[in-house]
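Colleague: Could you walk me through how to read a model like this one? I'd like to take it feature by feature.

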Amino acid sequence: MRIPLDKDLNAYRFIAIEGLDGVGKSTIVRLLAERIGGVATQTPDPSLRVKRQRVEASGQIADKWAFYMDSMVCQRPQFEAALRNHHVVCDRYIHSTLAYQWPQDAPLPRNPREMFPKILWPDLSFLLLSDEATRRQRLHGRETAEGIVNPADHRTDVLTLSEQRFKSMQDLIQINTAGLSPSAVCDQIFGRAFQ
Ligand SMILES: Nc1ncnc2c1ncn2[C@@H]1O[C@H](COP(=O)(O)OP(=O)(O)OP(=O)(O)O)[C@@H](O)[C@H]1O
Ligand SMILES: Cc1cn([C@H]2C[C@H](O)[C@@H](COP(=O)(O)O)O2)c(=O)[nH]c1=O
């Protein structure tokens with residue numbers, strides 16, 4: 001099932017799902033894309049995994065910023081091609097890069113759309129939120145199921161700053177996922193995006 005919008009031009013939507021590690025983004029990206037017959041994607045592109053590991057290991061914030069920004073610029077043609085026929089739902093995008101990689105002591109840019117014109121801006125960006133206990137429980141559940149623990153998902157200082165920044169971003173639509181099943185979260189996003 002595909003749900004085009006009521007207009008000929010820009011008929012399909014580019015939707016970004018943002019939030020802290022473990023809050024439920026990839027689950028919701030998959031469910032929402034299935035529901036709307038859209039393309040589920042993510043940044044950075046998985047083909048950049050090795051380069052990403054190298055950049056993350058370097059720990060240099062300028063290198064990380066450049067890597068994540070470049071990855072979005074490079075994915076632009078792929079997103080534009082998909083948007084000709086489908087909605088696109090993306091796991092992390094520009095708001096994550098700003099939340100995690102903008103210099104710690106600098107205020108966030110006031111007009112990021114104008115500042116970073118090379119990336120394709122999402123039509124709608126959603127911020128998934130939950131209380132910390134729920135987020136940790138979800139993370140723990142996934143770690144137990146998959147047998148993989150990513151130390152980056154547990155850096156409290158980084159997570160605290162990133163959450164503050166996410167919450168201060170006026171163009172993010174906040175969805176409180178605590179107490180909601182994945183399908184109920186999906187319903188809320190669907191309602192906000194398409195009804
Ligand atoms: N609304 C929800 N209610 C209960 N469990 C959920 C919900 N959403 C996701 N989960 C579960 O929580 C775990 C983490 O979800 P998911 O991997 O989607 O998070 P994420 O935000 O993409 O994490 P990361 O950024 O670290 O990749 C998974 O085991 C998933 O099944
Ligand atoms: C896309 C993107 C990711 N990151 C950081 C944020 C997290 O600590 C890790 C994990 O990401 P994933 O969702 O588990 O793939 O990567 C970032 O700092 N900036 C970004 O743009």
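Colleague: In what order do the elements of the protein run from the N terminus on?

Modeller: Helices are DSSP runs of H or I with at least four residues, strands are E runs of at least two, and both are numbered from the N terminus. Here the order is β-α-β-α-α-β-α-α-β-α-α-β-α, with eight helices and five strands. The radius of gyration, taken over C-alpha atoms, is 16 Å, close to the 16 Å from the globule rule (2.2 Å times the number of residues to the power 0.38) for 195 residues, so the protein is as compact as a globular protein of that length.

Modeller: Mind that this is a predicted model: local features need pLDDT of at least 70, side-chain atom pairs count only at pLDDT 80 or more, and totals for chains, interfaces and linings use all residues. Residues are numbered from 1 along each chain as its sequence is written, while chains are lettered from A and ligands numbered from 1 in the order in which they are written.

Colleague: Which residues are around ligand 2?

Modeller: A residue counts if its C-beta atom, placed from the backbone, lies within 6 Å of the molecule. That gives D21, T43, P44, Y68, R92, S96, T97, Y100, Q101 and A152.

Colleague: Which helix gives the most to that shell?

Modeller: Helix α4, residues 94–101, with four residues.

Colleague: And how far does the C-alpha trace span along its principal axes?

Modeller: About 45 × 35 × 30 Å for the protein.
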